[in-house]
Amino acid sequence: MTGNVEFLHKAKAFACFLLDRGHKLISEGHMHGGDTPYSLFEGIGGMVHLFFDMTDPANARFPAHEL
């Protein structure tokens, strides 16, 4: 969104980190997985929205805010 390539690389690195190691770190207790693993704020649901927002950042919105 800012046009700064540095932020794009950081966002891609963070998404790759979550995709590759998120479940392992949560299961080992190194990262808090949340009490509700499918929630938008603590779990996989939030990660899914993050990945979808990264495919088209110009149209990123807060999940279900328009309802």
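**A salt bridge within a helix**

Reply: Because glutamate 6 and lysine 10 are four residues apart in helix 1, about one helical turn separates them. Please keep in mind that the model is predicted.

Me: How far apart are the closest N and O atoms of glutamate 6 and lysine 10?

Reply: Side chains of opposite charge can pair when their charged atoms come close. Here the closest N and O atoms are 3.1 Å apart, and glutamate 6 forms a salt bridge with lysine 10. The structure holds one salt bridge.

Me: Is glutamate 6 exposed or partly exposed?

Reply: The class follows from the relative accessible area: buried is under 20%, exposed is over 50%, and partly exposed lies in between. Glutamate 6 has a value of 45%, so this residue is partly exposed.

Me: How many helices and strands does the chain have?

Reply: There are two helices and zero strands. Helix 1 spans 5–28 and helix 2 spans 44–55.

Me: At what angle do helix 1 and helix 2 pack?

Reply: A helix pair is read from the angle and the distance between the axes. In this case the angle is about 150 degrees and the axes are 11 Å apart. The crossing of helix 1 past helix 2 is left-handed. Helix 1 contributes residues including Ala11, Phe14, Leu18 and His23 to the contact, while helix 2 contributes Ile44, Met47 and Phe51, among others.

Me: Where does phenylalanine 41 lie, and is it buried or exposed?

Reply: Phenylalanine 41 is in the loop between helix 1 and helix 2. Its relative accessibility is 68%, so phenylalanine 41 counts as exposed. Together with Leu40 and Phe62, Phe41 forms a nonpolar surface patch with about 350 Å² of accessible area.

Me: What do the totals for the chain show?

Reply: Of the 67 residues in the chain, 13% are buried. The chain exposes about 5500 Å², of which carbon and sulfur atoms supply 64%.

Definitions and conventions. Residues are numbered from 1 along each chain as its sequence is written. This is a predicted model: local features need pLDDT of at least 70, side-chain atom pairs count only at pLDDT 80 or more; totals for chains, interfaces and linings use all residues. Side-chain values use heavy atoms; hydrogens and water are left out. Patches are made of residues with over 30% relative accessible area and no salt bridge: like charges are joined within 9 Å, nonpolar side chains (Val, Leu, Ile, Met, Phe, Trp, Tyr) within 5 Å. Accessible areas come from the Shrake-Rupley method with a 1.4 Å probe; for residues, only the protein chains shown count as cover. A salt bridge is a side-chain nitrogen of Lys or Arg within 4 Å of a carboxyl oxygen of Asp or Glu. Buried means under 20% relative accessible area, exposed over 50%, partly exposed in between (1.4 Å probe, protein chains only). Axes are lines fitted to C-alpha atoms, for helices over the stretch in contact, and angles run from 0 to 180 degrees between N-to-C directions. A crossing is left-handed if the near helix is turned anticlockwise from the far one by less than a right angle, and right-handed if clockwise. Contact means heavy atoms within 4.5 Å.
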